Amino acid sequence: MHTMLQGKRLIAFDLDGTLIDSVPDLAVGVQRALHDVGLAQPSEAQVRDWVGNGAQVLVERALTWALSAPPEAALQQSAYDAFMRHYGAAPNALTKLYPGASEALHALHEAGFVLALITNKPERFIEPILSHFGVLALFTSTLGGDSLAEKKPSPLPLLHVAQTLDITPSASVMVGDSRHDIAAGKAAGFTTVALPYGYNHGEPIEQSHPDLLVASLRELVS
């Protein structure tokens, strides 16, 4: 195991951009939603830079791009409902686990670490996705972006998980790919680990100054 994990008990992971590359399916959901409301559809590359703050913000960013202005509330709700319907129908059609993700999760679980998933993705999608990839049973706790009153970059979800599991923040780690993960981890008193391959709005994750930067999750268990 990586020396950074010495003395740690809880390892919390982000989902999109950290464990899974979900942009291909998210892009299809966004494109179909905007088609339904009569607007131009963005490319997959554009959607990649919009992911990270939950489904509502993803849809809002897509609408703002298509309209060149913020959407009105009724249009936002209509497009959001369409996105949830389209994405929910096939959240795993094109999504892939990142190389080393399953290997690392299994190794950490077998080593006795408590694993949690803290994502801004709506809670309803967590179980189907983790079950699809055969890793749901490895997680003691899972939280979605709509599970609590606040989501990352707020530290609330991280502190909630740590308190629920009776593990101190100093014995906890947050692993993610975006500035929101690192900001939430720092604010919660977690050690922060960043991955450079995910979705960070086109910004280098190094700018968020994580405690550790790894090229692959395999580095945590090698």
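**Strands, helices and a buried proline**

Reader: In β6, which residue is the bridge partner of Leu 10?

Author: In this predicted model, strand β6 covers residues 172–176 and runs parallel to β1. Four bridges join β1 to β6. The bridge partner of Leu 10 in β6 is Ser 172.

Reader: How are residues numbered, and what is left out of side-chain values?

Author: Numbering starts from 1 along each chain as its sequence is written, and in this predicted model local features need pLDDT of at least 70, side-chain atom pairs 80 or more, while totals for chains, interfaces and linings use all residues. Side-chain values rest on heavy atoms, without hydrogens and water.

Reader: Which residue of β4 is the bridge partner of Ala 12?

Author: Strands are DSSP runs of E, at least two residues, numbered from the N terminus. β1 pairs with β4 (residues 114–118) in the parallel sense, over four bridges. The partner of Ala 12 there is Ala 116.

Reader: Are the faces of β1 buried or exposed?

Author: In a regular strand the side chains alternate between the two faces of the sheet. In β1 (residues 10–13), Leu 10 and Ala 12 lie on one side, and Ile 11 and Phe 13 on the other. These four residues are all under 20% relative accessible area, so both faces of β1 are buried.

Reader: Which strands stand at the edges of the sheet?

Author: Six strands form an open sheet with parallel pairing, in the order β5-β4-β1-β6-β7-β8. Pairing takes at least two DSSP bridges. Each edge strand has a single partner, so one of its sides is left without a neighbour in the sheet. The edge strands are β5 (141–143) and β8 (212–213).

Reader: Which residue of β8 stands opposite Val 193?

Author: β7 (residues 191–194) pairs with β8 in the parallel sense. Two bridges link β7 and β8. Opposite Val 193 stands Leu 212.

Reader: At roughly what angle do α1 and α3 cross?

Author: Leu 26, Val 30 and Leu 34 of α1 (residues 23–36) meet Leu 58, Ala 62, Leu 63 and Ala 66 of α3 (residues 55–67). The two axes come within 11 Å. The helices are therefore oblique to each other, crossing at roughly 55 degrees.

Reader: How close do the axes of α1 and α4 come?

Author: α1 and α4 cross at roughly 135 degrees, which makes α1 oblique to α4. Among the α1 residues in this contact are Asp 25, Gly 29 and Arg 32; α4 brings residues including Phe 83, His 86 and Tyr 87. The axes come within 8 Å.

Reader: Which residues does Pro 91 touch, not counting residues up to four places away in sequence?

Author: Pro 91 is placed in the loop between α4 (73–89) and β3 (96–97). Pro 91 is buried, with a relative accessible area of 10%. Its C-alpha atom is separated by 15 Å from that of Val 51, 40 residues apart along the chain. With heavy atoms within 4.5 Å counted as contact, Pro 91 touches Asp 25 and Ile 129.

Reader: What covers the buried residues of α8?

Author: The buried residues of α8 (residues 179–188) are His 180, Asp 181, Ile 182, Ala 184, Gly 185 and Ala 188. Their cover includes α7 (156–164), β6 and β7.

Reader: Which residue follows α8?

Author: The residue after α8 has a positive phi. That phi is near 85 degrees. The residue is Gly 189.

Note on methods. Buried < 20%, exposed > 50% of the residue type's maximum accessible area, 1.4 Å probe, protein only. Axes fitted to C-alpha atoms, helices over the stretch in contact; angles between N-to-C directions. Parallel < 35°, antiparallel > 145°, perpendicular 65-115°, else oblique.
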